[in-house]
Amino acid sequence: MAGSEFGRRIGRAVRERIERRKSSVLREALWHDPFMAASTRAVAERIPLVDLVVHVTDARIPLSSQCHLLRNYPTSSNQIIALNKADLASRSALQVWMDSFREMNCISCGVNAHNKDSIKQFLSLIQRQVGKLKIATDHANKYTATVMLIGIPNVGKSALANALHQVGRISAAEKGKLKHATVSPEPGETKDIRSYKIASHPNIYVLDTPAVLSPEVPDVDVLSKLLLTGAIGECLAERKETAQYFLAIHNSSDQYKKWAKLSNKDNDRVFLNSTTECSSTSGFQMKQKNQIPTDHTQDDVVQDIRRTLYETEVFHVSTECEEDAHVMVAGKLLNLFRTGRLGHYIFDNLPRNTH
């Protein structure tokens with residue numbers, strides 16, 4: 001089954017689970033609970049009051065992860081689209097997306113919240129945009145800017161806030177205790193709006209905000225992508241189904257074709273073993289230390305998993321395994337995908353009217 005067909009099937013299943021709830025209260029509890037509604041109102045009320053809005057999206061789904069509050073927000077110098085988790089996305093495809101945003105007069109930036117150099121570049125972009133706003137004011141000497149991070153669940157707003165705060169404070173050589181926003185792989189961890197200083201001269205503060213979702217359940221294609229990237233909780237679908245969806249996409253991708261080459265490289269391991277035998281223990285350990293790859297997609301363990309996936313198609317052996325084993329394998333597979341160890345992907349297609 002093709003990835004898009006599998007995705008629609010999962011999306012329909014999730015949508016049916018939500019809409020099957022007989023009362024609106026139960027539906028809200030599953031999708032858009034009272035806390036989410038209150039958070040949405042609080043964030044919406046503050047948008048006109050801040051100087052700069054950073055629309056945080058997931059670089060793997062630049063369109064599907066957009067926040068409904070900003071769909072009709074004017075594309076001007078006081079909004080930046082932050083394509084977070086850029087390290088997990090296809091670099092060439094991400095550049096095409098950023099080019100498309102530029103053609104629509106939108107300022108966008110690929111960013112990795114866990115990479116200091118990436119955060120420094122992102123902070124410089126924020127400072128440039130704030131500088132333009134500062135020039136336009138009558139109180140430039142006492143200017144203080146407020147930047148608001150807005151986005152759906154689990155796109156990395158709190159991780160960005162922490163990284164900007166840390167890098168900004170170090171760059172400004174400021175003393176004092178660093179604050180930390182709570183970061184979790186589970187969506188919906190942030191519960192209130194908090195402020196963090198990220199720059200001086202002028203002073204710039206970033207507001208980390210709770211995640212917001214549209215009260216309207218999105219279409220099945222968007223639902224499946226939100227589920228796959230972890231933006232919505234796994235309580236809405238079976239983990240095995242989500243992992244099968246990823247495999248369906250992966251098996252038709254260029255990544256899969258590259259993996260085919262791995263199945264014929266067993267001789268590499270024999271060569272490595274012979275090298276180990278011919279080297280002293282200390283010498284070999286030093287050699288290993290110097291050759292540790294920074295790209296985890298090249299790790300030996302990951303290569304083994306890729307080879308296994310290519311040769312055995314993990315979920316094709318469902319009749320031979322118990323359900324617990326399926327869930328465990330599915331969880332490990334999804335974790336490897338969501339941490340970028342099984343390749344780099346963008347699942348959204350560009351809107352047709354942009355090219």
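These are my notes on a predicted model of one protein, with a look at helix H5 and at Asp-58.

**Ground rules.** I number residues from 1 along each chain as its sequence is written. The model is predicted, so local features need pLDDT of at least 70 and side-chain atom pairs count only at pLDDT 80 or more, while totals for chains, interfaces and linings use all residues, and side-chain values use heavy atoms, with hydrogens and water left out.

**Whole protein.** I found 13 helices and 6 strands (DSSP runs, H or I of at least four residues for helices and E of at least two for strands, numbered from the N terminus). Of the 355 residues, 46% count as buried (under 20% relative accessible area; exposed is over 50%, partly exposed in between; 1.4 Å probe, protein chains only).

**Helix H5.** I checked the length of H5, residues 116–135: its 20 residues should span 28 Å at 1.5 Å a residue, and the end C-alpha atoms are 28 Å apart, which agrees. The expected span is 1.5 Å times one less than the number of residues. Buried residues in H5 include Phe-122, Ile-126 and Leu-133. Seen down the axis, the buried residues of H5 fall within an arc of 155 degrees, so they line one face (the arc is that of the directions from the helix axis to the C-beta atoms). On the other side I noted exposed residues, among them Lys-116, Arg-128 and Ile-135.

**Asp-58.** I located Asp-58 in strand E1, residues 52–58. Asp-58 counts as buried because its relative accessibility is 2%. Leaving out residues up to four places away in sequence, Asp-58 touches Ser-65, Asn-84, Lys-85, Val-155 and Thr-229 (contact means heavy atoms within 4.5 Å).
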